[in-house]
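Please look over the model below alongside these notes.

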Amino acid sequence: MKTPVRAAFDAMEYPTVVVVGGGFAGLKLIHRLAGKPFKVILLDKNNYHCFQPLLYQVATGSLGADNIAYPFRRSVGPMPNVIYRMAEVLRVVPGENRVETDHGDFRYDHLVLATGTVTNFFGNGRIAHESMQLKSIGQALDIRSDFLQEFEAALYLEDEQAQRQRLNFVVVGGGPSGVELAGALAEIRKTILKHEFREVDNRRMQIHLVDSNHAVLANFSPKAQGLALRFLKDLGVNVILDTLVTGYDGETVTFKDGSTMQSTTVIWTAGVKGKPIPGLEAAVEERPARYRVDAFNRVEGTANIYAIGDIALDRSDPNWPKGHPQVAPVAIQQATHLARNLLRRDASPWQPFEYRDKGSMATIGRYKAVVDLGKLRFGGPIAWFMWLFVHLMSIVGFRSRVMVLTHWAWKYLSWKNTIRLIIRPYVRREYAVQQAEERADPVHS
Ligand SMILES: Cc1cc2nc3c(=O)[nH]c(=O)nc-3n(C[C@H](O)[C@H](O)[C@H](O)COP(=O)(O)OP(=O)(O)OC[C@H]3O[C@@H](n4cnc5c(N)ncnc54)[C@H](O)[C@@H]3O)c2cc1C
């Protein structure tokens, strides 16, 4: 027998909106549709929303996983017209207004795809297997375990060369994620390694940031790029530009010019791509695997399917002919805009989406950040405080905000990253084993 809550939901005579993915876009959309004349079903394979911009702080032990994740049930709890199901959507069947998931089918009147992106290894399966990623909380925790394990392992090595190889960290990709991660690792060398692993000479830890562009932060202003480069160099990060990584076998990184570097830790932040759900192939732009949408975020060739956030490619905005940047503000604004359009009365025409670019920022170590804000371009401690404030206010949940502020205050006053626990040791699987698993289960691999 249905519970009264479920019976009330089912009895609502509203159109059903199925939202796939509760990232920045999906979560904003359900908030905008809460209490409105729709039955909303949120589907996500995880039971939490993840605040990806602070993943690198989880990876480097500054924040705990629960500081940047927020359970969907807490969000939908007070929303009578919204329910959440933990499910991975495996196929869209547009002709039947139905999605198939690993927990059965769901029917929709409107379908909204907000599935975000995965790491892009540009087809290099070996690099994908051997290197680490920073797209999910699980991956951030792997990085945290890995660098602590490398430090512990280095203590057992007598040979200086072997120790250096263990402590050689290569971050590939000089976008905001790579820059922020490299800066945080450099801080760790100055603080944790120096003070808590005293038997190791901390100068043996090297952090290399590699990018194929001629500058870091390719989408920022030249001023911000220059400042970021200076801040990284001040922290002792070896920035290698105009250099393409072409291979990595778990021990040796190979560059396009044939040169190599020894490292047991490569973290790949060099790009993202969509992972479109089967069923809408005709609307998928192969590179970088996003759904082509019109100015109303409607997926090409469909009448009632929308894509928002990183997975959507809208080339109709004259200011963004190659599509909008894959950043949180685009996802949030598209969700807000789509909700507004869905809520319009039948006669009122839908309005096209226009992105309001509020600027970009990235932080580099302690007290340093760069900000591009319209014509204002600056860096240093004021930019860092701005970065701090904006990120703090964007985190979902009051408790999380207080916890993050407390962690940061402690960290910045005492230099102590608080969370240096190897709870779940990182074990890299054999390449051959992973290949076999992928062949057996291509959908989930
Ligand atoms: C390390 C890092 C740092 C970043 N820093 C910044 C920053 O400083 N500023 C900024 O603006 N942006 C930043 N970004 C980018 C920003 O996080 C993304 O633009 C944003 O998350 C996109 O939101 P979204 O809702 O489209 O997708 P996401 O937030 O990725 O959410 C997608 C959701 O879909 C779910 N999902 C995926 N596939 C399925 C499926 N088949 N079935 C069910 N559920 C599914 C996932 O579990 C996830 O919850 C960063 C990203 C990363 C990885």
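1. From which domains does the shell around the ligand draw at least three residues each? Domain 1 (4-45 + 87-119 + 273-342) and domain 2 (125-270 + 359-426) each supply at least three; the bounds come from an automatic or database domain assignment.

2. This is a predicted model, in which local features need pLDDT of at least 70 and side-chain atom pairs pLDDT 80 or more, while totals for chains, interfaces and linings use all residues. Residues are numbered from 1 along each chain as its sequence is written, and side-chain values use heavy atoms, without hydrogens and water.

3. Around the ligand there are 28 residues, counted as near if one heavy atom lies within 4 Å. A25, D44, Q52, V89 and D310 come nearest.

4. Polar contacts are pairs of N or O atoms within 3.5 Å. Ligand oxygen atoms lie 2.6 Å from a side-chain N or O atom of D44 and 2.8 Å from one of Q52. At V89, a backbone N or O atom is 2.9 Å from a ligand nitrogen. The protein covers 88% of the 1,000 Å² of accessible area that the ligand has on its own (Shrake-Rupley method, 1.4 Å probe).

5. Helix 2 and helix 11 (328-342) are the elements giving two or more residues to the shell; helices are DSSP runs of H or I, at least four residues. Helix 11 gives the largest share, 3 residues.

6. Helix 2 (residues 24-33) is largely enclosed by the rest of the structure, because 7 of its 10 residues are buried (under 20% relative accessible area, 1.4 Å probe, protein chains only). These are F24, A25, G26, L27, L29, I30 and L33. Just after helix 2, G35 has a positive phi of about 75°.

Key:
Buried < 20%, exposed > 50% of the residue type's maximum accessible area, 1.4 Å probe, protein only. Polar contact = N/O pair within 3.5 Å; in protein donor to acceptor, adjacent residues only side chain to side chain.
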